[in-house]
Amino acid sequence: MTEAAAATGGARPVRHRGGALRMWTAGRLTRCVDPAPVRAAGPVSAARRWGSRLPPMVWDSLLPALLLVNIVTTSPSPGLPAAVALTAALALPLLWRRRAPVIVFGVVVAAAFVQWLTDVQLPADVALLVALYTVAAHSGRRATLVAGAVVEAGVLLACLRWSAGGAFLTPFVAVTAMAVAAAVLGMNVRTTRAYLAAVEERAARLEHQQEQQARLAVAEERTRITREMHDIVTHNLSVMVALTDAAVYAQHRSPGKATAAMLQISETGRQALTDMRRSLGVLRTDEPDAERHPLPGIAQLRTLADQMCAAGLPTRLELHGGDSRIPATAQLTVYRLVQEALTNALKHTPPGTHATVRVRCSAGTVTVDVTDSGPCPPPSGTTPSGHGIPGMRERAAAYGAELRAGPLPGGGWGVHTRLDLGSAGEASA
């Protein structure tokens, strides 16, 4: 029983949805009952908590001590040494019953057999039931069955020798019932302990899985923010650098064009700040820019093309189909793909290059083609690779699409992808 209470006390508390209601109901009920039993339960609970802190060896030593005291105080003097020796042989091994239950059971059975041979009846025979319970609580089913069979054989021998007045059946059934109860109680304790261990292991595994999912979510969010910042900063800085070079070149020959270029630089910087606030606004609950400014989409591609033309990359935009039924996240993906492709063309192609953007919208797909007339870049082994094209592939993969980026057969560079709006990857975008 002590082991059952200890096993149950080691379990973690479980919170239920109805816990608040039960606490409120308990509070209402305590107002209607006599508070005296409640106050009396305080010392009992304190004593129980104090007892649970004691080592198991202390509890295991109580029964042997009681049996020895009983045999010393009740046995007659002539047979006292033999009775004390047999009681010690039966009871003292119980001190180590938790560490080696099968060995302790064997020692107790051997002592009980010697007792039977010497024809001495002792109250310490209860140690057999305690040893049987310990085997059932700490060992497997096979060991429990063997121990139960041994105890039942001992019960049969004891009843045959010590039955009073030939009344064999009544003591045999009574002692057998006690042995069965001890074995069943031990098996229940072992089952409860295994169940609690499985519950704790499952809770620890679920907690570990939740921590892993949280880390994955943080990594995904960090990747998303990094990708957004790369697209925003790279594009706007490239445009601002190109406009600055044009303004410096035209400041003496054409002051009006230089002024227009500087104004365009200022507008590009403001747009970059707005995009950064919008992208980072989800990280702050008090940031209203994420709701105040809509996400860029297909409708803003015209402004993007004009911006690239002002930066020195003549861009032609062709839109086919309406974008009213395209989700905002898909439109943002299309905008970022076109923005990154045009930014790469602006950075890696010589003056005089022109670009073409074709976007075809249908009920379930969006096709994006971005081409330029510039010369093909050198092989990837001669120039460091950036994060632009891998980021574009990640955006396209969120919609079940494969992005192709490479030189065109007739010269120039092209980027092509086809987004599937009905794919399951849209939810992860």
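## The largest nonpolar core

The largest nonpolar core of this predicted model has 38 residues. A nonpolar core here is a set of buried Ala, Val, Leu, Ile, Met, Phe, Trp, Tyr and Cys residues joined through side-chain atoms within 4.5 Å. Buried means under 20% relative accessible area, exposed over 50%, and partly exposed in between (1.4 Å probe, protein chains only). Leu301, Val334, Val338, Leu342, Val366 and Val370 have the most contacts inside this core. At least two residues each come from helix H10 (169–250), helix H13 (301–311), helix H14 (328–348), strand E2, strand E3 (365–372), helix H15 (388–397) and strand E5 (413–420). H14 gives the most, with nine residues. Helices (H or I, at least four residues) and strands (E, at least two) are DSSP runs, numbered from the N terminus.

Val370 touches Val338, Ala341, Leu342, Thr356, Val357, Trp413, Gly414 and Val415, leaving aside residues up to four places away in sequence. Contact means heavy atoms within 4.5 Å.

## Helix H14

H14 has 21 residues. From first C-alpha to last, H14 reaches 30 Å, close to the 30 Å expected at 1.5 Å a residue. The expected span is 1.5 Å times one less than the number of residues. H14 is mostly covered, with 17 of its 21 residues buried.

Asn344 is found in H14. Asn344 counts as buried because its relative accessible area is 19%, under the 20% limit. Asn344 touches Ile389 and Met392, not counting residues up to four places away in sequence.

Leu129 and Ala179 are 50 residues apart in sequence, yet 6.0 Å apart in space, C-alpha to C-alpha.

## Aromatic pairs and a charge over a ring

The whole structure holds two aromatic pairs. Rings of Phe, Tyr and Trp (its six-membered ring) pair if their centres lie within 6.5 Å; planes under 30 degrees apart count as stacked, over 60 as edge-to-face and the rest as tilted. Phe113 and Trp116 are stacked, at 6.1 Å centre to centre and 20 degrees between the planes. Both lie in helix H7 (residues 101–118), three residues apart, about one turn of the helix. An α-helix has 3.6 residues a turn, so residues three or four places apart point the same way. Phe113 is partly exposed, with a relative accessible area of 45%.

Phe168 and Phe172 form a stacked pair, at 5.3 Å centre to centre and 20 degrees between the planes. Phe168 is partly exposed, at 26% relative accessibility.

The charged end of Arg161 sits over the ring of Trp116, 4.1 Å from its centre. The cut-offs are NZ of Lys or CZ of Arg within 6 Å of the ring centre and within 35 degrees of the ring normal.

## Confidence and conventions

The mean pLDDT (the predictor's confidence in each residue, from 0 to 100) is 77, and 78% of residues reach 70 or more. Confidence is lowest in helix H1 (residues 2–9), at a mean of 39, and highest in strand E2 (residues 355–361), at 93. Over residues 380–384 the pLDDT stays under 50, with one contact beyond four places in sequence. Residues 424–429 are also below 50; this stretch has nine contacts beyond near neighbours in sequence. Where pLDDT is low, the predicted coordinates should not be read in detail.

Residues are numbered from 1 along each chain as its sequence is written, and side-chain values use heavy atoms, with hydrogens and water left out. As this is a predicted model, local features need pLDDT of at least 70 and side-chain atom pairs count only at pLDDT 80 or more, while totals for chains, interfaces and linings use all residues.
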